[in-house]
Amino acid sequence: MLRFLTAGESHGPVLTTIIDGLPAGVPITEEYISRQLVRRQAGYGRGKRMQIENDRARITSGVRGGLTLGSPVTVEISNRDWRNWQEIMASGREAQVDQRKVTRPRPGHADLAGGIKYRHEDLRNILERASARETAARVAAGALSRALLEAVDINIVSHVIQIGKAKLDRIPSLEEIINNAQASELLCVDAEVEAKMVREIDLAKEAGDTLGGVIEILAWGVPVGLGSHVQWDRRVDGELAQAVMSIPAVKGVEIGMGFATAASHGSQAHDEIFYDPGKGYFRQTNRAGGTEGGITNGETVVIRAAMKPIPTLMQPLRSVDIKTKLPSVASVERSDVCAVPAAAVVAEAMVAFVLARSLLATLPADHLEVLREYVKRHRTSWKEIGNEN
Ligand code: EPS
């Protein structure tokens, strides 16, 4: 089974990703992974940390001569900010643990709940790992998964639909998302809407406030039959929702028409089925967002996620000092005003991982060429379902 773990503190020396279960023969380079890391660092509204970092992937296992070996792949991303934190964050007893202590939890962050759970009197011990810095390591896992998917013609893209109140109110074409959105600093397909988003971010920044938004991730070329209706934890829509919901600050996930189906009649909520001898079964609509019964149906997989505003506010909310128990205001850390485009890149990574895992669960293969054969056969054979022998 494909799986991955990440490790590393936000101001520790390095972030580490280990991905296990990739077949041998997948083309991968450090540059390929780094391209995704660079995308995650971008976006209007990011804070000062992104000016310090220059995220680059270092592969330390599992790849030789540009191809995966089938063994676990380890990727390291150095934290350049470590040099400013090494005395405080050192693993040895010499660490200056009494410096830069955090005792005023930020509402909406993991600070208080984590501090209570792990019995830390310095909430830094929570925020160092709860920080969205960890998502860089996820993007590395996503890049490796994406390399596998691209080798079998499955592609993923994302765009930003909304930031604060600035919202794209039309459904853009896939071409627009691939061309326009990727060229936009806010991953927005429409220049006018993007200008409104920029204004929203500027206003929030002036007010010492932050902003969330809505992102959409699309995966096309996904074969029919990933996931399964037979068991709750094999439903691919559920797996996708969990993976995207696990991204820090994501508070809502929907697939296809999602919440809008609740207000629709059945006749307006489903995708009628057609058959063409060349194409096989097909739909003229994609309200289901590419999954039916927890199984991919061959249409584009469409997932949207709502990201809440980042909890670190320059004009902080009321809180309590955990040392004195006296009313206070939340601690102010360096932060972003808006990281919605970065969340879109992270969401692409999570979707890539889930689809790669699901593909390998359905068509297990230890070498990319074997997987290619399986996928090729699978892509043609399903068109015959229902034929009489
Ligand atoms: C981030 C790294 C963090 C934050 C931000 C995103 O670095 P630092 O805490 O050193 O500034 O800039 O994280 C958050 C806003 C958060 O609340 O966790 C990154 O690499 O994306």
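Start by selecting helix α9, residues 236–245 (helices are DSSP runs of H or I with at least four residues, strands are runs of E with at least two, both numbered from the N terminus). Its buried residues are Val236, Glu239, Leu240, Ala243 and Val244, where buried means under 20% relative accessible area with a 1.4 Å probe, protein chains only. They span an arc of only 125° around the axis, so they lie on the same side of α9 (the arc is that of the directions from the helix axis to the C-beta atoms). An α-helix has 3.6 residues a turn, so residues three or four places apart point the same way.

This is a predicted model: local features need pLDDT of at least 70, side-chain atom pairs count only at 80 or more, and totals for chains, interfaces and linings use all residues. Numbering runs from 1 along each chain as its sequence is written, and side-chain values use heavy atoms, without hydrogens or water.

Next, show what the buried residues of α9 pack against: among them are α6 (135–151), β10 and α10 (contact means heavy atoms within 4.5 Å).

Now color the open sheet of 5 strands, ordered β8-β7-β9-β15-β10 with antiparallel pairing (strands pair if DSSP finds at least two bridges between them). β8 (166–167) and β10 (250–255) stand at the edges with a single partner strand each, so one side of each has no neighbour in the sheet. Zoom in on β7 (residues 155–163), which pairs with β8 over 2 bridges; here Gln162 stands opposite Lys167 in β8.

Finally, zoom out: the protein has 11 helices and 17 strands, and 50% of its 389 residues count as buried.
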